[in-house]
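Subject: Structure handover and notes

Dear colleague,

Please find the structure below, followed by notes on what was found in it. I would be glad if you read the notes with the model open.

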Amino acid sequence: MGELRLMKGNEAVAEAAIRAGCDGYFGYPITPQSEVMEYLMAEKPFERTGMVVLQAESEVASINMLYGAAGTGKKVMTSSSSPGISLMQEGISYMAGSELPAVIVNVVRGGPGLGTIQPSQADYFQAVKGGGHGDYKLIVLAPASVQEMCDHVKLGFDLAFKYRNPVMILSDGAVGQMMEKVELFDQIARRTDAEVISQCPWAATGKPKDREHIIITSLDLDPAGQERVNLKLQAKYKKIQENEILFEEIQCEDAEYLYVAFGLSARICQKATDLARAKGIRVGLFRPITLFPFPAPQIASVGNRVKGILVVEMNAGQMIEDVKLSVGCNVKIEHYGRFGGIIPSPEEVVRALEQKIIGG
């Protein structure tokens with residue numbers, strides 16, 4: 001068993017970055033994720049591993065620092081919350097187009113606009129559909145606990161370098177701020193420049209004399225060349241969709257009805273599932289852990305066995321579109337959401353199932 005600590009979700013992300021062998025963190029404070037940078041500053045990881053921590057001038061500066069550092073093959077990470085992530089969208093698109101690995105943490109808060117500092121899940125479309133310009137995809141992980149906030153950092157780096165693609169951890173203000181017991185993984189050593197060169201032949205670190213000149217860019221003014229870039233990216237996304245889906249099924253074996261939810265909403269639905277079954281309602285929970293790749297075949301397999309599906313999100317209805325596309329038109333699918341940082345209770349989620357699906 002690894003080291004056990006009581007930590008906030010944001011703190012777990014920061015500690016996990018150090019232990020994952022991260023080379024650099026570049027960020028800018030914004031509630032409710034500022035503890036990520038605060039923990040790193042207080043922990044002084046440069047003295048532990050040599051990891052650099054820098055507060056940038058802005059979110060735009062931080063994502064471009066990430067872009068440059070990722071181009072050298074280094075493990076780099078940033079974190080922010082919804083308005084800050086919006087400012088990063090151009091840089092994220094450039095990184096996706098340049099096929100650069102990095103981990104980006106979004107501790108989502110309510111909007112639109114400056115909104116509230118309370119938790120939300122309203123950035124689903126932005127994260128999953130590509131919030132910047134062009135045809136690109138991020139790998140998107142949706143933690144539902146402080147333990148997963150920790151584990152998804154390590155997983156995020158693994159996937160980012162496996163596919164040369166930015167990875168977003170889509171959390172929220174409640175998971176970021178809550179405190180739970182966390183089992184920390186053992187320290188992973190930062191790679192040497194020689195290891196970076198051998199493992200990342202595309203990177204611009206320490207160019208030996210026998211290597212060709214390396215240019216990292218997302219620019220191709222030739223239409224045929226740009227089409228080849230896009231076709232390569234789409235083939236990569238298809239491979240990710242085929243190989244990297246993660247999900248959880250809870251009490252789905254005998255379910256007549258189904259909750260589908262991610263992140264904090266899935267935690268609430270897990271309790272709601274127990275409450276509903278105590279009332280004699282056989283309901284199960286399907287939790288996507290990867291939002292891209294989305295577990296469409298798996299949801300379809302479960303969803304087409306039930307009488308109805310309630311998609312629970314802290315937004316106006318975003319993931320429900322992907323659920324409907326996955327399951328089709330043969331099953332009744334409804335949405336239940338709260339806004340403005342209000343977290344639904346398990347009891348109201350049970351009532352929503354009764355009113356919208358069973359009695360609707």
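A residue is called buried here when its relative accessible area is under 20%, exposed when it is over 50%, and partly exposed in between, with a 1.4 Å probe and protein chains only. This is a predicted model, in which local features need pLDDT of at least 70 and side-chain atom pairs count only at pLDDT 80 or more, while totals for chains, interfaces and linings use all residues. Residues are numbered from 1 along each chain as its sequence is written, and side-chain values use heavy atoms, with hydrogens and water left out.

The chain as a whole

The secondary structure of the protein chain comes to 15 helices and 14 strands, where helices (H or I, at least four residues) and strands (E, at least two) are DSSP runs numbered from the N terminus. For 360 residues a compact globule would have a radius of gyration near 21 Å, and the protein chain agrees with this at 21 Å; the radius is taken over C-alpha atoms, and the globule rule is 2.2 Å times the number of residues to the power 0.38. The C-alpha trace spans about 70 × 50 × 40 Å along its principal axes, and 56% of the 360 residues count as buried.

Of the contacts (heavy atoms within 4.5 Å) with a separation of 6 or more, 78% are accounted for by residues 24 or more positions apart. The protein chain carries 37 positive and 43 negative side chains, and the centres of the two sets lie 2 Å apart. In that count Lys and Arg are positive and Asp and Glu negative, with His and the chain ends not counted, and the place of a charge is NZ of Lys, CZ of Arg, CG of Asp or CD of Glu.

Helix H1 and Arg-19

Helix H1, residues 9-19, is mostly covered, with 10 of its 11 residues buried; among them are Val-13, Glu-15 and Ile-18. After H1 comes Gly-21, whose phi is positive, near 80 degrees. Arg-19 belongs to H1 and counts as buried because its relative accessibility is 9%. Its side chain is joined to that of Glu-15 by a polar contact of 2.6 Å, a polar contact being a pair of N or O atoms within 3.5 Å of which, within protein, one must be able to donate a hydrogen and the other to accept it, with residues adjacent in sequence counted only if both atoms are side-chain atoms. Leaving aside neighbours within four places in sequence, Arg-19 is in contact with residues including Glu-3, Arg-48, Asp-186 and Gln-187.

His-335 sits in strand E14, residues 332-337, and is buried, with a relative accessible area of 15%. The side chain of His-335 makes a polar contact of 3.2 Å with the side chain of Glu-313, and a polar atom of the His-335 side chain lies 3.5 Å from the backbone nitrogen of Gly-317. His-133, in the loop between helix H7 (124-129) and strand E6 (139-141), is partly exposed, with a relative accessible area of 45%. Not counting residues up to four places away in sequence, His-133 touches Glu-90, Ser-93 and Tyr-94.

Leu-141 is found in strand E6 and is buried, with a relative accessible area of 0%. Beyond residues up to four places away in sequence, Leu-141 touches a set of residues including His-152, Leu-155, Met-168 and Ile-289.

Backbone details to check

The peptide bond from Thr-31 to Pro-32 is cis, with omega near 10 degrees, and Pro-32 is in the loop between strand E2 (24-27) and helix H2 (34-43). The peptide bond from Gly-111 to Pro-112 is also cis, with omega near 5 degrees, and Pro-112 lies in the loop between strand E5 (102-108) and H7.

Arg-164 is not a glycine, yet has a positive phi of about 50 degrees; this residue lies in the loop between helix H8 (146-163) and strand E7 (166-172) and is partly exposed, at a relative accessible area of 23%. Gln-251 likewise has a positive phi, near 55 degrees, and is placed in the loop between strand E9 (247-250) and strand E10 (257-260), where Gln-251 is partly exposed, with a relative accessible area of 30%.

With best wishes
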